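Subject: Structure handover

Hi,

Here is the structure I promised to pass on. Please open it and keep it beside you while you read my notes.

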Amino acid sequence: MNTILRKSILGIAGLAFTGGVFAGPIAAHADTPAHAASKPVTATVQGEQSTIALNGEQTANVKAIIAATKKAGLPERAAVISIATSLQESKLENLGHLGDRNDHDSLGLFQQRPSSGWGTPEEITDPEHSTLAFLKGLKQVDGWQDMPLTEAAQTVQVSAYPDAYAQWEKQATDLVAQHWTK
């Protein structure tokens, strides 16, 4: 698929998602089998990979993202996409308002915005709520399971840096492999 066509499709999907956020929630947890049988996740990384050492808070946030993914009945791939997204957006830190360094009113693990319908500031800074909100958006992306991580994340997040999520796929995959069964 050529680049222009792909960007057009992603742009339309992003607009459709944004419209859905403003129009109201859909069934947050459709009939998806709990903990759907999933094969072990392997990274199909795109480009150079980044990695950071995690502290206790960041590791706890990884575990919270995995727990919320399981609660939503989604497979390990959804946790990988969620963790990679949070690595890019906040380095897995549950960020509050950063004053002048803040990107609009973005908060939490996924830098979600109350003004864009992600929830209240209290909800967005709750790791379970913010993850479930991200996953709700991910489930609305047709074919997310098979698309490159950065495209799936970008379609939900609508970031100014759409390719940035790809750099975290290896670390996110390793973290899910390490913590999924614990």
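The chain has seven helices and zero strands. Along the sequence the pattern reads α-α-α-α-α-α-α. Helices (H or I, at least four residues) and strands (E, at least two) are DSSP runs, numbered from the N terminus.

Two notes on the source. This is a predicted model: local features need pLDDT of at least 70, side-chain atom pairs count only at pLDDT 80 or more, and totals for chains, interfaces and linings use all residues. Residues are numbered from 1 along each chain as its sequence is written, and side-chain values use heavy atoms, with hydrogens and water left out.

**The whole chain**

Of the 182 residues in the chain, 41% are buried (under 20% relative accessible area, with exposed over 50% and partly exposed in between; 1.4 Å probe, protein chains only). Now take contacts (heavy atoms within 4.5 Å). Among those between residues at least 6 apart in sequence, 66% join residues at least 24 apart.

**The core**

The largest nonpolar core has 37 residues. Such a core is a set of buried Ala, Val, Leu, Ile, Met, Phe, Trp, Tyr and Cys residues joined through side-chain atoms within 4.5 Å. Ile-81, Ile-83, Leu-92, Phe-134, Leu-135, Leu-138 and Trp-144 touch the most other members. Two or more residues come from each of α2, α3, α5, α6 and α7. Helix α3 gives the most, with seven residues.

Look at Leu-138. Beyond its neighbours within four places in sequence, Leu-138 contacts Ala-78, Ile-81, Trp-144, Ala-152 and Val-156.

Then find Ser-82, in helix α3. Is Ser-82 buried or exposed? Ser-82 counts as buried because its relative accessibility is 0%. Not counting residues up to four places away in sequence, Ser-82 touches Ile-65, Phe-110, Phe-134 and Leu-135.

**Helices α5 and α6**

The axes of α5 (residues 127–139) and α6 come within 9 Å and cross at roughly 110°. Axes are lines fitted to C-alpha atoms, for helices over the stretch in contact, and angles run from 0 to 180 degrees between N-to-C directions. So α5 is roughly perpendicular to α6 (65 to 115 degrees). Phe-134, Gly-137 and Leu-138 of α5 meet Ala-152, Ala-153, Val-156 and Gln-157 of α6.

**Helix α7**

Helix α7 covers residues 169–179. Its buried residues are Glu-169, Gln-171, Ala-172, Thr-173, Leu-175, Val-176 and His-179. They pack against α2 (56–71), α3 (76–90) and α6 (149–157).

Best wishes

Conventions: Angles under 35 degrees count as roughly parallel, over 145 as roughly antiparallel, 65 to 115 as roughly perpendicular and the rest as oblique.
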